[in-house]
Amino acid sequence: MAGTGLFAEILDGEVYKYYADGEWKTSSSGKSVSIINPATRKPQYKVQACTQEEVNAVMELAKSAQKSWAKTPLWKRAELLHKAAAILKDNKAPMAESLVKEIAKPAKDSVTEVVRSGDLISYCAEEGVRILGEGKFLLSDSFPGNDRTKYCLTSKIPLGVVLAIPPFNYPVNLAVSKIAPALIAGNSLVLKPPTQGAVSCLHMVHCFHLAGFPKGLISCITGKGSEIGDFLTMHPAVNCISFTGGDTGISISKKAGMIPLQMELGGKDACIVLDDADLDLVASNIIKGGFSYSGQRCTAVKVVLVMESVADELVEKVKAKVAKLTVGPPEDNSDITAVVSESSANFIEGLVMDAKEKGATFCQEYKREGNLIWPLLLDNVRPDMRIAWEEPFGPVVPVLRISSVEEGINHCNASNFGLQGCVFTKDINKAILISDAMETGTVQINSAPARGPDHFPFQGLKDSGIGSQGVTNSINLMTKVKTTVINLPTPSYSMG
Ligand code: G3H
């Protein structure tokens with residue numbers, strides 16, 4: 001159970017502690033932040049409302065711990081990460097339980113998130129050993145005007161303090177996707193969990209604590225974004241920010257100084273369906289892509305652009321599958337669970353009502369109870385409807401009928417987002433041309449958009465983000481290149 005057994009020390013009465021200097025602490029603010037269970041809409045957990053002074057303190061600790069960590073041999077850093085991964089997987093139950101309670105993620109998916117996170121940490125440790133264990137050797141005589149008098153050695157060095165801010169929908173997985181690359185590369189790490197998802201994050205951090213990472217290297221600060229958010233992201237000690245979330249990422253980018261940024265923001269992932277597509281495959285992928293975790297994934301299918309000639313048949317197939325989706329509590333593994341907050345449910349409802357006023361065809365009756373919204377397929381959506389462009393982050397999938405592939409590509413490219421997209425056709429040549437024409441960071445051919453497997457590069461164009469993720473790219477982003485040049489008094493050519 002969350003906050004008990006191995007995890008008892010992270011709880012102080014009914015308030016979860018924050019983590020600094022290798023210890024679990026109570027904030028001097030004397031205040032806490034409540035976490036509302038999206039399904040029951042009642043307070044579920046409380047976390048510390050940390051102060052700016054506490055942020056300053058963890059930053060100082062992070063700076064000094066990083067100096068010794070950078071001197072820790074790479075194989076030892078990897079060993080500790082493997083240990084953390086094993087502890088995390090062995091203790092998946094309390095983390096999965098808190099994911100269910102604070103973000104209403106279905107129970108099975110919550111377990112999957114934790115296991116996936118353990119795998120990501122281990123993969124990252126292995127990849128780090130490989131890619132950080134080698135550098136480059138360059139010779140000067142390949143550039144015009146130079147003899148072979150300079151030997152250049154390059155290696156990758158850490159950036160310093162990495163600030164990680166994961167979102168509510170994958171608080172554990174998208175936290176470790178930032179923590180593991182930062183640590184293997186020799187950085188220290190300050191984590192600011194989302195309020196909903198904070199308790200899962202604190203349990204995850206305790207797994208790193210139990211693995212025995214040095215004091216101060218990892219910190220986890222909880223509190224209101226409005227009180228410590230800007231203070232953290234604009235803190236002079238921070239050398240890199242890795243953020244996943246919404247528009248806030250754009251304002252962080254504008255305020256952050258001259259530091260590397262990794263931002264995964266929103267998406268309006270288009271699913272382009274050609275007339276030769278396998279419609280059963282498309283329907284299954286619209287269900288998986290559009291409705292898993294109730295559509296609260298940045299990579300969810302957020303607009304279907306289907307050729308008019310096959311639209312009726314596809315809509316019927318998707319409707320039949322929507323009818324089979326279960327709706328209810330996350331504890332019961334329902335397919336559709338409550339969305340994260342009342343404001344999110346209200347926003348989704350606003351998009352649905354706008355589509356209704358403008359004449360979209362409702363394939364199911366719109367139904368909402370509290371934060372629970374029943375799955376909804378909207379047919380005959382037109383470009384003048386908000387749902388054609390805005391991301392609901394909920395279980396609502398709009399279908400736009402198109403009369404040419406170009407129309408589909410144009411709609412996709414007219415979006416201010418460019419995360420992923422997908423195209424369904426049996427003609428691989430057409431698929432490649434369409435993929436090249438779509439202005440998105442990734443295009444999936446004959447499958448719904450998805451970030452994983454977690455070592456694949458993952459990036460957004462336009463307002464969907466900056467920097468690229470995936471294990472290897474994250475490690476590279478969290479390092480910089482250092483060169484040492486050996487200058488010889490006379491040219492030296494190896495003669496074999
Ligand atoms: O919500 C954003 C996540 O990066 C999406 O990850 O494709 O594994 O659901 P996923």
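Which residues of α3 are buried? Let's start there and then work through the other parts of this predicted model.

## Helix α3 and its cover

The buried residues of α3 are Pro 94, Met 95, Ala 96, Ser 98, Leu 99, Val 100, Glu 102 and Ile 103. You can find the helix at residues 92-103. Its twelve residues reach 16 Å from the first C-alpha to the last, close to the 16 Å expected at 1.5 Å a residue.

What lies over those buried residues? Their cover includes the strands β5 (32-36) and β6 (43-48), together with the helices α2 (74-90), α4 (107-132) and α6 (198-211). Just past the end of α3, take a look at Ala 104, which has a positive phi of about 55°.

Now turn to β19, which spans residues 376-379. Both of its faces are covered: Leu 376 and Leu 378 are buried on one side, and Leu 377 and Asp 379 are buried on the other.

This strand pairs with β16 (residues 361-362), running antiparallel to it, through two bridges. Here Phe 362 stands opposite Leu 378. With β20 (residues 396-402), β19 pairs in the parallel sense, over three bridges. In that pairing, Leu 377 has Val 397 of β20 as its bridge partner.

## Around the ligand

Which residues surround the ligand? They are Arg 116, Asn 169, Tyr 170, Leu 174, Glu 264, Arg 297, Cys 298, Thr 299, Ala 450, Arg 451 and Phe 458.

Cys 298 places a backbone N or O atom 2.8 Å from an oxygen atom of the ligand. From Thr 299, a polar side-chain atom lies 2.6 Å from a ligand oxygen atom, and for Arg 451 a polar side-chain atom lies 2.7 Å from an oxygen atom of the ligand. On its own the ligand has 310 Å² of accessible area, and the protein covers 96% of it.

## A serine in α14

Is Ser 474 buried or exposed? Ser 474 has a relative accessible area of 2%, so it counts as buried, the cut-off being under 20%. The residue is found in helix α14, which covers residues 471-477.

Conventions. Residues are numbered from 1 along each chain as its sequence is written. This is a predicted model: local features need pLDDT of at least 70, side-chain atom pairs count only at pLDDT 80 or more; totals for chains, interfaces and linings use all residues. Side-chain values use heavy atoms; hydrogens and water are left out. Helices (H or I, at least four residues) and strands (E, at least two) are DSSP runs, numbered from the N terminus. Buried means under 20% relative accessible area, exposed over 50%, partly exposed in between (1.4 Å probe, protein chains only). Two strands pair if DSSP finds at least two bridges between them. The expected span of a helix is 1.5 Å times one less than its number of residues. Contact means heavy atoms within 4.5 Å. A residue is near a molecule or strand if one of its heavy atoms lies within 4 Å of it. A polar contact is a pair of N or O atoms within 3.5 Å; within protein, one must be able to donate a hydrogen and the other to accept it, and residues adjacent in sequence count only if both atoms are side-chain atoms. Accessible areas come from the Shrake-Rupley method with a 1.4 Å probe; for residues, only the protein chains shown count as cover.
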